[in-house]
Amino acid sequence: MALNDPPVPVIPAPIWRNFKELQEWEALHKTRPEGDKHSALFESVTEGIHNFPGGFVVTTAADAFLNWARKSSVWPVTFGLACCAIEMMATFCSRFDVERLGMVPWASPRHSDLMIVSGTVTIKMAPMLLRIYDQMPDPKWAVSMGSCANSGGPFRHGYHVVKGVDRVIPVDVYVPGCPPPPESLLNGLLLLQEQISHFKKTGRRAPPNVKVD
Amino acid sequence: MNAEQARASLASTFGVEVAAGVPMVVTVAPDRWEELARYAKETVGCRFFNFLTAVDWKEQGLEVVARVDNLDDNVGLMLKTRLAPGVTNCASLTPVYRGADWMERECFDMFGIRFDNHPDLRRILLEDTWEGHPLLKSYAVDTPHPPYR
């Protein structure tokens, strides 16, 4: 053993995907099982109605109704990362009161539709953020709040900062500001509702942006 | 031991100039580092280990800095040692101060200083798979870190 190179014990980082049950659980929830007759029947019926002459009126009306329901009950998961979370909490509270828009801050990703990424995403936090995003049921949306989540912000040249949360999860609305005041976030949430009203019936999302510096 | 006595005894024991002030700055060679800490704790009475960090002076080498305090007599000591250029080994203060454990782990994490006789020298803030030591001046901050950067 060289004197100037003592052994540094390396403990493997716990990766949650290594757990066999969780892995199987994820696979179960990411793919549609073969024998899922109800979804297949629903899709074939929808396609049949859509292809029937004049049937698009029914399907687009159904889409509009479903999107109205979706945008009227967007529940954001409480995911505060940094100082932007203070402004997010102010937005949730009585003065700005997003509950009149149907948004209830919810403490479980299983019941939530929206993730407001409020704050700096570090490289160490990114896998946990992705995990919480994966736990949310489709259809789901993400709002990137503040300069840090948009692009890394003032910490962009730090050694530990993800340069924009859109490298981890797909983002629908970017709210600028450092931090954005509650009015800005409220405007962003209204833009998100506008976007949801044009949402198509598939819940599929684009992959995260691949950026090269 | 009050501040003036501490200044005189440190200057005579270690043969260095100790400037008066709060804190008093004591700079010794790296081979007397642990001895200095033990003297500060047991003779001067600095039982409070405040912090330990390092400074990267580029081609002049690294400097390890520790602050210890005697809260009873209001004596503050800033202990410094300058490592030779290219040297990343330093004596550990954990045999003297148990509080130095995590500070030295952080110092190893950020500056890559290997503390001899440290009981558990591994990274504390960054992942174990991290490459490099980010607070060194030679670290490129835009180092690619797949898949997030």
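Trainee: Let's start with one residue. Is A:His111 buried, partly exposed or exposed, and why?
Mentor: This is a predicted model, so keep that in mind. A:His111 counts as partly exposed because its relative accessibility is 46%. The band for that label sits between under 20%, which is buried, and over 50%, which is exposed.

Trainee: Where in chain A is A:His111 found?
Mentor: In a loop. The loop runs between helix H4 (84-92) and strand E2 (114-118) of chain A.

Trainee: And what is A:His111 in contact with, leaving aside its neighbours within four places in sequence?
Mentor: A:Trp75 and A:Trp106.

Trainee: What separates the C-alpha atoms of A:His111 and A:Phe79?
Mentor: 13 Å, and the two residues are 32 apart along the chain.

Trainee: Zoom out. How many helices and strands has chain A?
Mentor: Seven helices and four strands. Along the sequence the pattern reads α-α-α-β-α-β-α-β-α-β-α.

Trainee: What order do the strands of the chain A sheet take?
Mentor: E1-E2-E3-E4, in an open sheet with parallel pairing.

Trainee: Which strands does H5(A) lie across?
Mentor: E2 and E3 of chain A. H5(A) runs at about 165° to E2(A).

Trainee: Which residues of helix H5 (residues 126-135) of chain A are buried?
Mentor: A:Ala126, A:Leu129, A:Leu130, A:Tyr133 and A:Gln135. They pack against E2 and strand E3 (141-145) of chain A.

Trainee: Back to E3(A). How many of its residues are buried?
Mentor: Five of five, so the strand is mostly covered by the under 20% cut-off.

Trainee: Which way do the E3(A) residues point?
Mentor: A:Trp141, A:Val143 and A:Met145 go one way. A:Ala142 and A:Ser144 go the other. All are buried.

Trainee: What share of chain A as a whole is buried?
Mentor: 36% of its 213 residues. The accessible surface is about 12,600 Å², and carbon and sulfur atoms make up 64% of that.

Trainee: How much of the contact set in chain A joins residues 24 or more positions apart?
Mentor: 76%, counting contacts with a separation of 6 or more.

Trainee: Now chain B. How many helices and strands are there?
Mentor: Three helices and six strands. From the N terminus they run α-β-α-β-β-β-β-α-β.

Trainee: What is the strand order in its four-stranded open sheet?
Mentor: E1-E4-E3-E2 in chain B, with mixed pairing. Strand E1 (24-28) and strand E2 (48-56) of chain B are the edges, pairing on one side only. From one strand to the next, the twist averages 20°.

Trainee: In which sense do strand E3 (residues 62-70) and strand E4 (residues 75-82) of chain B pair?
Mentor: Antiparallel, over eight bridges. B:Asp69 has B:Gly76 in E4(B) as its bridge partner.

Trainee: Which strands does helix H1 (residues 3-14) of chain B touch?
Mentor: E1 and E4 of chain B, at about 10° to the direction of E1(B). Helix H3 (residues 100-111) of chain B lies across E2 and E3 of chain B, at about 10° to E2(B).

Trainee: Last topic, charge. How many positive and negative side chains has chain B?
Mentor: 16 positive and 22 negative. The centres of the two sets lie 1 Å apart.

Methods
Residues numbered from 1 in each chain as written. Chains lettered and ligands numbered in written order. Predicted model: local features only at pLDDT ≥ 70, side-chain atom pairs only at ≥ 80, totals over all residues. Heavy atoms only, no water. Helix = DSSP H or I, 4+ residues; strand = E, 2+ residues; numbered from the N terminus. Lys, Arg positive; Asp, Glu negative; His and termini not counted. Charge placed at Lys NZ, Arg CZ, Asp CG, Glu CD. Pairing = 2+ DSSP bridges. Axes fitted to C-alpha atoms, helices over the stretch in contact; angles between N-to-C directions. Contact = heavy atoms within 4.5 Å. Buried < 20%, exposed > 50% of the residue type's maximum accessible area, 1.4 Å probe, protein only. Areas by Shrake-Rupley, 256 points an atom, 1.4 Å probe, with all protein chains shown as cover.
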